[in-house]
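Here is a brief report on one protein model. It covers a single residue, the sheet and the nonpolar cores.

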Amino acid sequence: MRMLTKIAAATALAVPMFAAVPGVANATTAPTAPSASLAASCSSVTQIGTTAYLNVDGQTMASVKQYKGCGKNYSYLYVWQGYRDTHSSWNACTTILTGTTIRDVQCNSNMVEIWSSGADTLAECTQAMGWNGYGPWPDTRYDVVAKTDTRC
């Protein structure tokens with residue numbers, strides 16, 4: 001009987017812990033923190049500037065953010081669950097932009113997250129830019145572009 005009491009008490013304590021665990025991003029949200037898929041060259045980054053949203057055909061495709069850490073700037077693109085639920089394939093790119101020069105562009109197909117590998121641009125004014133294309137530069141005839149604010 002004592003064993004059943006202990007199991008019941010442990011279960012009662014565990015239930016609130018599971019209820020507080022956040023769920024997976026849904027169709028209208030994106031993660032609030034970068035995932036572990038950040039390039040191994042830097043394990044600690046801080047978002048700088050605003051988040052930009054890549055809207056394709058009236059639907060939010062992705063969030064674009066700029067981070068700094070380990071002496072570099074990183075761009076990050078996250079494809080939203082709602083877009084993934086309604087599209088079987090997509091292409092996306094992300095880069096650090098200094099003026100009209102792209103640095104550290106990374107493109108991929110059907111990836112949920114894309115991180116740049118890090119641009120040595122902390123001493124420059126930069127933006128993160130993302131688009132729904134193949135790269136290495138957005139084709140303004142077909143690609144939709146989103147840019148964060150400029151950070152100096």
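## Thr95

Is Thr95 buried or exposed? This is a predicted model, and in it Thr95 has 0% relative accessibility. The cut-off for buried is under 20%, so Thr95 counts as buried.

Thr95 belongs to strand 4, residues 91-98. Its side chain comes to 2.7 Å from the backbone oxygen of Arg103. Arg103 is also among the residues that Thr95 touches beyond four places in sequence.

Four strands form an open sheet in the order 1-2-3-6, paired antiparallel. Strand 1 and strand 6 (113-115) are the edges. Each has a single partner strand, so one side of each lacks a neighbour in the sheet. From one strand to the next, the twist averages 15 degrees.

Strands 2 and 3 run antiparallel and are joined by eight bridges. Lys68 has its bridge partner, Asn73, in strand 3.

## Nonpolar cores

The largest nonpolar core has 14 residues. Leu54, Met61, Ala62, Val64, Leu77, Val79 and Tyr83 touch the most other members. Strand 1 (46-56), strand 2 (59-69) and strand 3 (72-79) each give two or more residues to this core.

Ala62 shows the surroundings of one such member. Beyond four places in sequence, Ala62 contacts Ala52, Tyr53, Leu54, Leu77, Tyr78, Val79 and Trp80. Another core, of eight residues, lies apart from the largest one. Its members include Val45, Tyr67, Trp80 and Trp115.

Note on methods: Residues are numbered from 1 along each chain as its sequence is written. This is a predicted model: local features need pLDDT of at least 70, side-chain atom pairs count only at pLDDT 80 or more; totals for chains, interfaces and linings use all residues. Side-chain values use heavy atoms; hydrogens and water are left out. Buried means under 20% relative accessible area, exposed over 50%, partly exposed in between (1.4 Å probe, protein chains only). A polar contact is a pair of N or O atoms within 3.5 Å; within protein, one must be able to donate a hydrogen and the other to accept it, and residues adjacent in sequence count only if both atoms are side-chain atoms. Contact means heavy atoms within 4.5 Å. A nonpolar core is a set of buried Ala, Val, Leu, Ile, Met, Phe, Trp, Tyr and Cys residues joined through side-chain atoms within 4.5 Å. Two strands pair if DSSP finds at least two bridges between them. Axes are lines fitted to C-alpha atoms, for helices over the stretch in contact, and angles run from 0 to 180 degrees between N-to-C directions.
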